[in-house]
Amino acid sequence: IDRFLKFLEYATGHPCAGWRKGKTLKPQDAIEPLAPSDTVAAGQKYFAAITGAMRDLVAEYKAAGKDLKQPVVAQALHTEFSQKANSIGEAALVSVGTTQEQFEASIKAHAQNQSVAMAMALMQQQQQQDLQALASAF
């Protein structure tokens with residue numbers, strides 16, 4: 001069971017806590033969510049960093065003379081971006097003093113807060129519009 005729980009923890013990236021006869025696994029500390037306003041501020045920084053990274057990557061491809069309308073080039077762009085996006089988003093969150101886990105916990109904790117939910121939805125929508133504008137520019 002311990003090996004399975006360690007594998008599950010490795011595969012999902014989420015800490016596992018449990019009990020086994022004669023042995024207890026170390027329970028993980030609960031993650032304290034951010035305040036609603038801090039959640040929105042962290043979201044703004046997070047989405048801005050990811051969108052900016054995509055904008056920079058598109059500019060690199062354009063400067064290299066690559067045609068983004070070609071499926072192979074577009075796929076390469078998406079692959080490279082997906083490899084970088086998580087670390088860029090996490091770095092943006094660290095710059096405002098939080099972690100990816102705390103940010104996610106805050107979003108879940110404030111899911112019923114209309115102002116937080118609306119702000120996050122608007123940020124996601126704005127990011128999609130920005131990315132679509134980048135795609136249509138080429």
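**Helices, core and salt bridges**

Modeller: Let us begin with α5: at 1.5 Å a residue, its 23 residues should span 33 Å, and its end C-alpha atoms are 32 Å apart, which agrees. The expected span of a helix is 1.5 Å times one less than its number of residues. Helices (H or I, at least four residues) and strands (E, at least two) are DSSP runs, numbered from the N terminus.

Colleague: What kind of model is this, and how are residues numbered?

Modeller: This is a predicted model, in which local features need pLDDT of at least 70 and side-chain atom pairs count only at pLDDT 80 or more, while totals for chains, interfaces and linings use all residues. Residues are numbered from 1 along each chain as its sequence is written, and side-chain values use heavy atoms, with hydrogens and water left out.

Colleague: How many helices and strands are there in the protein?

Modeller: The protein has five helices and two strands. From the N terminus on, the elements run α-β-β-α-α-α-α.

Colleague: And how much of the protein is buried?

Modeller: Buried residues make up 28% of the 138 residues. Buried means under 20% relative accessible area, exposed means over 50%, and partly exposed lies in between (1.4 Å probe, protein chains only).

Colleague: Back to α5, then. Which of its residues are buried?

Modeller: They are Val 116, Ala 119, Met 120, Met 123, Gln 127 and Leu 134. What covers these buried residues of α5 includes α2 and α4.

Colleague: What about the span of α3?

Modeller: Helix α3 covers residues 71–95, and at 1.5 Å a residue its 25 residues should span 36 Å; the end C-alpha atoms are 35 Å apart, which agrees. There is also a kink of about 35° in α3, centred on Lys 84. The bend at a residue is the angle between axes fitted to the seven residues ending there and the seven starting there.

Colleague: Which residues of α3 are buried, and what covers them?

Modeller: The buried residues of α3 are Val 73, Ala 74, Leu 77, Phe 81, Ala 85, Gly 89, Ala 92 and Leu 93. Their cover includes α2 (36–63) and α4 (100–109).

Colleague: Which members of the largest nonpolar core touch the most others?

Modeller: Leu 77 and Phe 81 do, among the 23 residues of that core. Helices α2, α3 and α5 (114–136) each supply at least two residues of this core, and the largest share, ten residues, comes from α2. A nonpolar core is a set of buried Ala, Val, Leu, Ile, Met, Phe, Trp, Tyr and Cys residues joined through side-chain atoms within 4.5 Å. In soluble globular proteins, nonpolar side chains tend to be buried together.

Colleague: What does Leu 77 touch?

Modeller: Not counting residues up to four places away in sequence, Leu 77 touches Met 54, Leu 57, Val 58, Tyr 61 and Leu 68. A contact means heavy atoms within 4.5 Å.

Colleague: A change of topic: how many salt bridges does the count come to?

Modeller: The count comes to two salt bridges. A salt bridge is a side-chain nitrogen of Lys or Arg within 4 Å of a carboxyl oxygen of Asp or Glu. In one of them, the side chains of Arg 55 and Asp 130 meet (3.8 Å, N to O). Arg 55 lies in helix α2 and Asp 130 in helix α5, so the pair ties together parts that are 75 residues apart in sequence. Arg 55 is partly exposed, with a relative accessible area of 39%, and Asp 130 is partly exposed at 22% relative accessibility.

Colleague: And where do Lys 84 and Glu 80 lie?

Modeller: Both lie in helix α3, four residues apart, about one turn of the helix. Lys 84, on which the kink is centred, is partly exposed, with a relative accessible area of 34%.

Colleague: What comes just after α3?

Modeller: Just after α3, Gly 97 takes a positive phi of about 85°. Gly 97 is found in the loop between α3 and α4, and counts as exposed at 61% relative accessibility.

Colleague: Is Thr 98 buried or exposed?

Modeller: Thr 98 counts as buried, at 4% relative accessibility. Thr 98 has its place in the loop between α3 and α4. Not counting residues up to four places away in sequence, Thr 98 touches Leu 34, Ala 42, Leu 93 and Phe 103.
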